[in-house]
Amino acid sequence: MNALRWLLALTAWMVLAACPARPEPDDDDTSDDDDSGDDDDSADDDDASADDDDASADDDDATADDDDSTPSDDDDSTPSDDDDATNPPNNLVCSNLASVDCGAFAGSNIGQPDNEQEWLACVNYGAGYTGGETIYEFIPSSSEVVTIDLDWVDSAVDLDLFVFTDCNPGSTCLDESSTETVGESVAFTAINGASFYLVVDGWDGSEGQFTITLDATCPGDDDDATADDDDATADDDDATGDDDDSTPGSDGPGWEIVHSRNQPRLQDVHGHAADAVWGADTDGLLWLWDGSRWTLHDDVTRNIQAFWGSAESDIWGFSYSGAVYHWDGVDWSGPDPIGAVTAHWKDACGSSASDIWAVGYDGAFAHYDGASWTELPGPNATEDLVTVACMANGQLWAGAGSNSWLYNSGTWLQYQGSPDEFREFWVSPSDELFGATQYSLYRYENGAFVNEAYVGETITELWGFSAGDLYASAYDGELWHRNGSGSWSDVSPNVASSTDWRDVFGVSPTEVWAVAANSSSSSYAGIINHGSPGNFEDVRDTPVLGDVAEMTGWSDSAIWAVTDASEVLFYDGVSWEWEATVGATRGLFACSATEVWGISTTIDTVFRRTGPGTWVPVSTGQSGYSSHDEIDAVWGSSCSDIWFIGNDYSNETVLLHWDGATFTREYFFNFPNGAEVHRLWGSASDDIWGLTDDYRMVHYDGAVWTDYYDGNFTCCGGVWGSGSDDIWAIENNPSPARYYDGATWTSFSDFVYDPAYGTSGISISQVWGRATDDIWMIGQDYDIIRSFHYDGSQWLEAPSPSNSSRSTDSVDSLWGSAAGYWAGGQEGLILFHP
C-alpha cells in the first residue's frame, strides 16, 4: 500500500473521530425512535446501519438515501436510483463482459470507464481509484481454490485487483490485492457453475496493459472438428472459442511441444517391466520406454538425478533441486520438499515401499517410512554424498567420493580402511556389498574391501541381478561384467569410444540398459543387453540432432521439416518421424502431397523428393561455382513454377526457375555490399519479395529487382503475405513487424507484450499466416520462446510453452495448416498451436 493510501485512510479516521456521537435509540415498548434523528414511522431501526428497515424500505431523512440491502435505490419518486451525495450511482459497465477461464490472457484498462472511486467492500483508501475499470466474468468448471495473478511492465502504473460475487462494488468482496508492486495476486474458493467477477482498477488515474493468469481447472472439451465443446457434458463456450486442452487439432490455449530430439541424453534409468522403463535426461525431462521406443513423457522439468522404486506403480524420483517426485502408476506427483533440505539429491536405496533412504550434497540425508519423508542429520555438512546402499541388517553404506561412511542405528561412522573414496555402492539380493572408486571395482569381505578389477576409465554406476551377474558402466564406451566365478570382463558393445555411459540398470537379467548423455550422435541413450553378457542391441532411433531450420507442408497429414544437420522429418498426421538425411538440404518447398524441393549449399544442385523417403539430387545447370556459392531460399506457386535464389561464382545474385522440366537462369543482380537474399515469398511469378542479410527488402516483378532499402529496416527474418497488397516482414524489437499495403512499407507498432518479459531481447525469426486476420510470428528472447498472433487489428503475445525456460529452446521456422501452426527449433524441437 503506498503512502498516499495510508494518508487518506488516516484522514478519514480523524474526521470520524471528531464527529459528534450518533443519537442513542430509546428502545421503548412502542419500538419507535423518538430522538432528533428518527423517521417517525411505526418501525424503528435502532441498529448500527442507521436504516429503518420498514416495509416501505425508505428512511426519508435529509440525505435522501435508504442504505438498505437493495443496492443503488433510494425509493423516491425516481425509481431505482440513489441520487444523494453519500452513495453515488453505480454505473459499472456489466454488459458484454469478457468471459475467462483457465490460463493467461492480456488486457488493458486504457480508456475504460471510470465510475468507481472506492471499493468499500474490499478496502477503504478514500476516493483514489480514478483509473478505468476493466471487468471479467469467471464461471469455474469445478469447485476449488483459484489463484489469480495480475502483472504489468510499466513501474509507473499502479493497478489493483478485486474479486466479487456480483458485478457490483457493493457485493461480497472475496479477495483484493492492492500493493504498490508490479503485480497483484488474489485467491478464493470458487464454486462450480457460479459467476465471479474480476475487476482491475487503476489507483490515482493509472492505466496500462496487463496480463492476468488464472490458475483454475480448464473446462471440459469434446475435441471435435469445430473446436468448441457442444456435447451434453460440461462445455467451455467462452469468448475465446477454445476447448483449452493440449491435443493437436483442437483449439488449445497455447504452444505445445509435440516433438523434441528423439534421442534422450539419459543420465539415469529405472524400471520394473520391459515395456515401462523411465529415463531422466540432462535437460531435466522424463522419457518412457514402451518396449519399442523412447517418448518424451511430458515437458515438465523435474531434474531427477536418481530413481528408486519398490514396484512399477511405486517409483520415487530424487531431484537436483532438493525435492522428490512420486509415480503411482498413473501420474507423477510433487515436487515435495524434504524438511529444510535444499541440497541436491544424488542417490537412494530401500528395503521396501516403507523403508527408503536418500542422500545428497552437503550431507543431505532423509528417510521415508511409508507415510512421509523425514530429514535426518548427515555425517557432516561438508560431505557431498553421491551413493548409498542398504544392507539387510539395516546398516547403510554411503560414499562421498573422498570419504566413505557407515550408518548404524542412527550413528554415522567414518570408514577407516583403504580405499575410502568410493563413488558407487551396490548390495546383492544375498547381502553382498560391492563398491567402485574412480577406476577400480571392489568386493567387501571380512571387514575389508578387496580389489577385483582395474577398469582404467571413470566408473559411473553399479547394478546387478546377483553377485554373479553384476555390471559396471564407465566412460569411453566401456561396460564391465562380473560373472559367477567372480571375475570381471569388458563386454562393451560396438559404440564410439567417446560414449560416456552414465548409468546401467536392469529390469531383469535379460533386460539390462546402458545409457549415455554425450551430445554426439554416437553417444545417445539406448542399448539393451539380451541374454548373455555382451549381447547388446542398439535400440536408438535415427538421431535428430540438428536445429529445425525450415518447414513446409501440403496438408494436415503431409508436413516436412529439415534441420541444419540435413535431417528431414515427416509428419503423417499422427507423429513426426525421421525420413532421410539428404545432402545439405536447408530450405523446403512442398508443391504436392509427395513432391518436395530442398536447397543445398552449392548452387549447381538441389534436392527433390519423389516419394516416401526418396530424395534425389537435381542439377540446376550452373557451373564454375566455388565453395562460397550457394542457394539461399526457395519459393513456388506449383510444381511447375518454383524459384530458387542464390549467389554464383562472381558473387552476383542469381534467380533460377524450374518449370517442371528444366532450370533456367532468370536474372543477375549485384546488391550493395554483397548482400544475399535469405528469404523468399511471392504471390505470383512476377511478384516475389526477398529479405537480404543486410536488412533490405527487395522485389522482383518478373523482369527486374527493385531495392526497397530505406535505412530503417533492422532484421532479415521471414516474409509472408496473403496477396500482393497484404504482406508482413520480420523486423526487430520493440515493434518486430513491417507491413506492405501494395504501395508502401511501414513499421507496425500495435503490439501487446507479455508483462513478464517486456520488449527487450526479442529476436523474431519467422512469420506465417492462414488469413489476413490469423497470422503468427515466433522467435525467442534469450532462452524464452516468444510468439505473437495478429487478429486483424493488433499483435497479441501468446503464452510460451511450459518448459520454454530451457536453454535449448529457440525457434527458426514456422508453417501452418488447417489444423494449426507448426514451429521448429533447436535439436529437433517442434511446437504446435491449434
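## Close-ups of disulfides and salt bridges in a predicted model

**View 1. Cys122 and Cys173 pair up as a disulfide, with 1.9 Å between their sulfur atoms.** Keep in mind that this is a predicted model. The link between Cys122 and Cys173 is right-handed, with 110° about the S-S bond. Cys122 sits in the loop between strand E2 (103-108) and strand E3 (134-138), while Cys173 belongs to strand E6 (residues 173-177), so the bond ties together parts that are 51 residues apart in sequence. Cys122 is buried, at a relative accessible area of 17%.

**View 2. Cys591 and Cys639 make a disulfide that runs 2.0 Å from S to S.** Both partners are loop residues: Cys591 lies between strand E43 (588-590) and strand E44 (596-599), and Cys639 between strand E47 (631-638) and strand E48 (641-647), 48 residues apart. With 95° about the S-S bond, this link is right-handed. Cys591 is buried at 7% relative accessible area, whereas Cys639 comes out as partly exposed at 22%.

**View 3. Arg608 and Glu595 form a salt bridge, their closest N and O atoms 3.2 Å apart.** Arg608 is in strand E45 (residues 605-611) and Glu595 is in the loop between E43 and E44, 13 residues apart. Arg608 is partly exposed, with a relative accessible area of 23%, but Glu595 is buried at 14%. Across the whole structure, a search finds nine salt bridges.

**View 4. The side chains of Arg786 and Glu797 meet in a salt bridge, 2.4 Å from N to O.** Strand E62 (residues 784-790) supplies Arg786 and strand E63 (residues 795-798) supplies Glu797, 11 residues apart. Buried or exposed, these two residues, Arg786 and Glu797? Both Arg786 and Glu797 are buried.

**View 5. Salt bridges link Arg443, Glu445, Glu452 and Arg482 into a network.** One of the contacts here joins the side chains of Arg443 and Glu452, at 2.7 Å from N to O. Glu452 is partly exposed, with a relative accessible area of 21%.

Key. Residues are numbered from 1 along each chain as its sequence is written. This is a predicted model: local features need pLDDT of at least 70, side-chain atom pairs count only at pLDDT 80 or more; totals for chains, interfaces and linings use all residues. Side-chain values use heavy atoms; hydrogens and water are left out. A disulfide is a pair of cysteine sulfur atoms within 2.5 Å. Helices (H or I, at least four residues) and strands (E, at least two) are DSSP runs, numbered from the N terminus. Buried means under 20% relative accessible area, exposed over 50%, partly exposed in between (1.4 Å probe, protein chains only). A salt bridge is a side-chain nitrogen of Lys or Arg within 4 Å of a carboxyl oxygen of Asp or Glu.
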